[in-house]
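Hi,

Here is the structure I promised to pass on. Have a look at it first, and then read my notes below.

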Amino acid sequence: MDRRIVRTRHMIMQGFISLLEEQEFEKITIQGIADRANVNRGTIYLHFTDKYDLLEQSVETYLVQLIESCIPEEGLSAELSPELLIQAFAYLKEHAAIYRVLITSKGTPTFRYRMTQMIKGNITIVVNQMKLDNEIHRDVLVEFLSISITGLIEWWIAESMPYTPEEMVEQMKKILEARLQLW
């Protein structure tokens with residue numbers, strides 16, 4: 001893709017994200033995005049159908065970037081390792097301004113939902129390789145873990161990352177290894 005096109009799309013997405021930080025999605029207009037991105041309305045329509053398309057493509061772009069940030073050099077792996085999780089947390093920390101807006105924005109649960117689905121896909125692979133107690137249903141475990149991990153990431157970002165990526169992964173590991181006797 002031509003560098004100018006990439007740069008223009010990036011400016012539009014950045015303008016959109018900065019507006020999303022300030023106001024609810026429904027109040028954002030194409031003109032507002034154009035003003036923030038320093039482009040004209042027509043330029044936005046060359047790249048996106050409407051603000052819903054812009055939201056969808058922004059979510060997709062930033063999810064792909066997150067996924068790519070934690071792919072090992074040797075390629076895709078079905079193995080979920082602490083190192084990959086640390087890379088993901090480190091990437092989120094480095095790009096916290098964008099992900100804070102996307103994951104915590106009121107009125108736009110799209111990013112949070114899609115991230116949960118992405119995590120769910122990875123967790124499903126791991127859980128399907130596990131030997132489980134017959135009383136634990138795989139689908140319930142997958143749902144529990146994917147929602148919990150998404151919530152933990154959201155909390156960590158919203159709280160300005162009070163722990164390092166390494167500490168977060170270590171805490172997750174300890175929680176998952178713990179045999180909590182709540183009942």
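**What I found**

The protein chain has an accessible surface of about 11,600 Å², and 54% of that belongs to carbon and sulfur atoms (areas by the Shrake-Rupley method with a 1.4 Å probe; for residues, only the protein chains shown count as cover). Before you go on: this is a predicted model, where local features need pLDDT of at least 70 and side-chain atom pairs count only at pLDDT 80 or more, while totals for chains, interfaces and linings use all residues. Residues are numbered from 1 along each chain as its sequence is written, and side-chain values use heavy atoms, with hydrogens and water left out.

The chain has 9 helices and 0 strands (DSSP runs numbered from the N terminus: H or I of at least four residues for helices, E of at least two for strands). Of its 183 residues, 37% are buried (under 20% relative accessible area; exposed is over 50%, partly exposed in between, with a 1.4 Å probe and protein chains only).

Now to helix α5, residues 82-94. Leu 84, Ala 88, Phe 89, Tyr 91 and Leu 92 are its buried residues. Viewed down the axis, the buried residues of α5 stay within an arc of 160°, so they line one face (the arc is that of the directions from the helix axis to the C-beta atoms). They pack against α4, α6, α8 (138-158) and α9 (165-177), with contact meaning heavy atoms within 4.5 Å. Glu 83 and Glu 94 are exposed on the face turned away from that buried side.

Then the rings. I have 7 aromatic pairs for you (Phe, Tyr or Trp rings, the six-membered one for Trp, with centres within 6.5 Å; planes under 30 degrees apart are stacked, over 60 edge-to-face, the rest tilted). Phe 16 and Phe 25 are edge-to-face because their planes stand at 85°, with the centres 6.1 Å apart. Both of these Phe residues are buried.

Tyr 62 and Tyr 99 are also an edge-to-face pair, at 6.1 Å and 80°. Tyr 62 belongs to α4 (residues 51-69) and Tyr 99 to α6 (residues 96-104), so this pair ties together parts 37 residues apart in sequence. Tyr 62, Tyr 91, Tyr 99 and Phe 111 make up one aromatic cluster.

Cheers
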